[in-house]
Amino acid sequence: MRGRLSAAAIVVGAALVAGCTVTDGREVSPAPAAGSAAGGGNLDAPAPAATQTPSAPTTTPKPGLSESERGNSSAAAAVEGLAVKGRAPMTGYSRDQFGAAWVDVDGNGCDTRNDQLQATLTRKSMSGSCEVLAGSLDDPYTRSTIRFVYGGTSEVDIDHIVALGDAWQKGATPWPFAKRVAFANDPLNLQPTDAGANRQKGDGDAATWLPPNKPYRCEYVARQVAVKKKYALWVTAAEKDAMLRVLGGCPGQDLPPAGPQPTIAANTGGQAPASTAQRNSQSGTRPKPKKASGSLDPRFGTCGEANDAGLGPYYRGKDAEYDWYIDRDGDGAVCEI
């Protein structure tokens, strides 16, 4: 079949007439002229390397996520990374084990309670730069508007998304005091809400209590997951099932960022108290409830013991029990959970 040229030969010949070299279907710069050091038009000489096509850019992680959270921003996926165990006993638990209510952990000059009220209330009135005297809360738990008045019959509590008692039973017992204080004052774990809803929740987890406002449950559970992941707390099997059931209705729910607060508090507001078990061991006897004498709780010796029994907080002007305890932070409430 002499005299018949292939299609490829015709393309190469046309390219040579045009003064270009063809390599792998891409047109590149002309070869060096005849007599040059490159060999003057020798077709056997290697063609210049073609420019490489840039590789596809890598996916940019979502802003606000810590390094450990990047690539795993799904709340449901994060649930699968939590350890599953049974509940530990409540032995030794008291509110005091998580520090005073409330500590200025971030060092901004305001206690955590007032920080939360400032961040969430609208139509606020203030005393100075820290103390909130009044305001309105659009409560996500109950989908109602609540009026907060300092020293009055306020119905606003600061809820721990992961309750302190729940944390105690799921990994917090051996923590250093500074970590428990950080946990109790971490904005990621705090939500101003209706006092009644907060008391109803108690130390409940996702398996035993969810906000009455159903549309908020996805965000609420996602925050619980974020808190437990940040502080390496475990979940029970029933709790895990409940979390996945809620998040199954919102598969696009993101895991909230861990936030800037360290898990070890630089300011603990004081020294760690002895646990109830330690106090009993040191005294060798079981503490007796204080008798009623006008200013003492006739049933419990401390707020911690009242909380252990599922009671508190008590409010000034509303609960008689308020007068039995010392309101150290002057917020109109004692024995806050």
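A polar contact is a pair of N or O atoms within 3.5 Å; within protein, one must be able to donate a hydrogen and the other to accept it, and residues adjacent in sequence count only if both atoms are side-chain atoms. Keep that in mind for the views below. This is a predicted model, in which local features need pLDDT of at least 70 and side-chain atom pairs count only at pLDDT 80 or more, while totals for chains, interfaces and linings use all residues. Residues are numbered from 1 along each chain as its sequence is written, and side-chain values use heavy atoms, with hydrogens and water left out.

**View 1. Serine 136 and its polar partners.** Let's start in strand E4, where serine 136 lies; strands (E, at least two residues) and helices (H or I, at least four) are DSSP runs, numbered from the N terminus. The side chain of serine 136 makes polar contacts with the side chains of arginine 123 (3.1 Å) and arginine 147 (3.2 Å). Is serine 136 buried or exposed? Serine 136 is buried, with a relative accessible area of 5%; buried means under 20%, exposed over 50% and partly exposed in between (1.4 Å probe, protein chains only). Setting aside neighbours within four places in sequence, its contacts (heavy atoms within 4.5 Å) include Thr120, Leu121 and Ile146.

**View 2. Helix H3 and its cover.** Now look at helix H3, residues 112-120, where Thr112, Arg113, Asn114, Asp115, Gln116 and Leu117 are buried. Strands E3, E4, E5, E6 and E7 are among the elements covering these buried residues.

**View 3. Helices H7 and H8 packed together.** Here helix H7 (residues 217-230) packs with helix H8 (residues 237-247) at about 135°, their axes 9 Å apart. Axes are lines fitted to C-alpha atoms, for helices over the stretch in contact, and angles run from 0 to 180 degrees between N-to-C directions. H7 is therefore oblique to H8, since angles under 35 degrees count as roughly parallel, over 145 as roughly antiparallel, 65 to 115 as roughly perpendicular and the rest as oblique. Residues making the contact include Val221 and Val225 of H7 and Met243 and Val246 of H8.

**View 4. The whole chain.** Stepping back, the chain has 10 helices and 9 strands, and 41% of its 337 residues are buried.
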